[in-house]
Amino acid sequence: MGRFSRLVVIGSAVVLATACTAEGATQPDGGQAPPSTSATSTTPAVPLGLTVVPANAAAGVAPGEPVTVTAAGGTISEASVTGDDGKVVAGALAAGGTTWTTTESLGYGKTYTATATAKDAAGKTTTSTSTFTTVKPARQTALSMNPLDGQTVGVGQPFAFYFDISVKDKAAAEKAITVTAGPGVEGAFYWFSDKEVHWRSKEHLPAHSKVTVSAMIYGKHLGNGVYGRADRTATVTVGDSVVAVADGATHQMTVTVNGQVARTIPISMGKKANETPVGTYTVMSEHTNYTMDSSTYGVPTDSANGYRTKVEIASRMSNSGIFYHSAPWSVRDQGVRAVSHGCINMSTENAAWLQRISQKGDVIVVQNSGGPVLEPTDGLSDWQIPWETWKQGGKRA
């Protein structure tokens, strides 16, 4: 035997073992040598704790942001936020019981106390309290928007938002405004100025769909000490897809409804020196018994190119005074030549039909008129901006 041999007694049997035995050698019963054992390691339990946001003694808190309570190592058993006037702010516990959040906004310039209790599996409890004050803003901005709740619009309708004070933090404003136009509809914001931002879809909106708008600006800091005054919401219905193409070469307008040609209308567009701008318009508003007045876009009614005429049917296409409207005086020219001051003339019957089947937000494309390119800022002519440019956000900086 080797120098380091030794005898091992197992029961009544004597087994010879040596230091040269291979690791994992077979034991007498045919099994492998049992592995060495060590103390079992366990992950330390997460200490029971609570986090309240805003923190205790916080000042200048934006009242539009929620108060949140988060538990670690246990679940929330109680939570509340109470104003210094005794009013309790509504809140809700999330599934799982580890997060509680207020569900209504706080007031400006007020003091609140948040109190919460959490419990772990062993029944141990902990309580946390936070007393904080909300900001008292020097300036608040109101928001108006187009379209409004309950309206029906065409597939080309952009959603326009107008602040009455310049917005510095445009990212915060965009975060506060949500436009939901259905599955698969891609959209983006574009700033025309520090007070005006539009949301537009990449493609036309789906016909017969719903669009919801949630502009939750109240209590949100929009930069430079400006806070939102009140939230705005809307649910808007998209009607039929009505797209009209007015061609100056043929003096005809082809109207397509839900992908099918519905009517071809003889028209007369702008004559020489008054050519109708070329581009994609969005119908802005619809009128009956409307007075067409050249002075509304800077041409005196008593000048050579001025006019003040009442028409039975008129739908505005731009701020600069472009309408499609009934023009019984030019029926002989419609389908033949351009004689208008820039508007799209058609018969009273055709104008009434088109207005009857359509709504604001419908798309009218003007081509081959010989006119200048339509400015995107003229009315709601957002489709004049290519999508890749639109996505860059305009005057966002």
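1. An open sheet is built from four antiparallel strands in the order 3-4-8-7, where strands are DSSP runs (E, at least two residues) numbered from the N terminus and two of them pair if DSSP finds at least two bridges between them. Strand 3 (49–53) and strand 7 (91–93) are its edge strands, each pairing on one side only.

2. This is a predicted model, in which local features need pLDDT of at least 70 and side-chain atom pairs count only at pLDDT 80 or more, while totals for chains, interfaces and linings use all residues. Residues are numbered from 1 along each chain as its sequence is written, and side-chain values use heavy atoms, with hydrogens and water left out.

3. Within the sheet, strand 3 and strand 4 (residues 68–72) are joined in the antiparallel sense over five bridges, and V53 stands opposite T68 in strand 4.

4. The search of the whole structure finds one cavity of 30 Å³ or more; on a 1 Å grid over the protein atoms alone, a cavity is a set of points where a 1.4 Å probe fits but cannot get out, a pocket is an open set with protein on both sides within 12 Å along at least five of seven lines, and lining residues have an atom within 4 Å of a point. The largest cavity holds about 40 Å³ of space, and its lining includes V242, Y324 and D362.

5. The second largest pocket holds about 180 Å³ of space, a volume being the space filled by probe spheres set on grid points that are joined across faces, edges and corners. Among the residues that line this pocket are M292, H325, W329 and C343.
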